[in-house]
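Hello,

Here is the structure I promised to pass on to you.

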Amino acid sequence: MTADHDRTRFHFQQDWFELIRPEWEQRTAHLRGRELRILEIGCFEGCSTTWILDNLMSHPSSVMTVIDTFEGGMEHQDDNGPDHPTDRYQLSTLKRRFDANVAKCPEVAKLNVMQARSDDALVALRQQRRRFDFIYIDASHVAIDVLHDAVMSWQMLDQGGLIVFDDYSWRGFIEDCYNPRTAVRAFIKCARPEVECIETESQLWVKRVPNCVPATPNPDPALYYWDKGTAKHVL
């Protein structure tokens, strides 16, 4: 193992990414050495960021953008028990820990950090007409936020590109309307003609492919609108 791929040089209080790292090594093998434009939405301490910098950014023209508020998500702050998440995750030093970790990567100069909410940052990237080959979504785990991140990211993903949804199987909230899976399934249903999906232990890998189901206009004006009773049932 070369020094720049030695994971022991980093310091992570939460090593969630290490659990899925072997899977990533296999599923991204075809991307090694290619010119890539990578977007990571939600980076926390930089566990996945550092792995991407070390393994997928070797091409001289590759670039990487990460988005994070460095304030943690809803699931990091809504516990007022004896082991409060504010202490457990030490959010006040999160950005400092991220910076210290990515600084140890030889390819760090290719990294652009946007410290902002994803809804603001993604709009800015769209306005800049940015395009990406690989997008990792691991920011807010609240469904409505995940859906927003998915739709905005999709608009910037080139054909043949990948979106990886983290924590697809995560059920951190009793009410399913809040969980990521609800949002991802809604997005996939809408994007179905252009996606190929592979579900892993905890993630969903989505590849953008040419549209295989072109829209067919409804030939019967009498069927233009949902039946009122059916619509109520769906809602």
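Predicted model: local features only at pLDDT ≥ 70, side-chain atom pairs only at ≥ 80, totals over all residues.

Seven strands form an open sheet with mixed pairing, and their order is S3-S2-S1-S4-S5-S7-S6. The edges are taken by strand S3 (111–115) and strand S6 (195–199); each has a single partner strand, so one side of each is left without a neighbour in the sheet. From one strand to the next, the twist averages 15 degrees.

Within this sheet, I looked at one pair in particular. Strand S5 (residues 157–165) runs antiparallel to strand S7 (residues 204–208), and four bridges join the two. If you want a place to start, find Val164, which stands opposite Trp205 in S7.

Helix H4 links the sheet to the helix packing. H4 packs on the sheet, where it touches strand S2 (63–68) and S3, and its direction makes about 175 degrees with that of S3.

H4 (residues 94–102) also has a helix partner, H2 (residues 47–55): their axes come within 10 Å and cross at roughly 15 degrees. At an angle under 35 degrees, H2 and H4 therefore count as roughly parallel to each other. The crossing of H2 past H4 is right-handed. On the H2 side the contact involves Thr49, Thr50 and Leu53, which meet Phe98, Asn101 and Val102 in H4. Sorted by class, this contact has three nonpolar and three polar residues, with no charged ones.

Enjoy exploring it!

Best wishes

Notes:
Residues numbered from 1 in each chain as written. Heavy atoms only, no water. Axes fitted to C-alpha atoms, helices over the stretch in contact; angles between N-to-C directions. Parallel < 35°, antiparallel > 145°, perpendicular 65-115°, else oblique. Left-handed = near helix turned anticlockwise from the far one by under 90°. Contact = heavy atoms within 4.5 Å. Nonpolar A, V, L, I, M, F, W, Y, C, P; charged D, E, K, R; others polar. Pairing = 2+ DSSP bridges.
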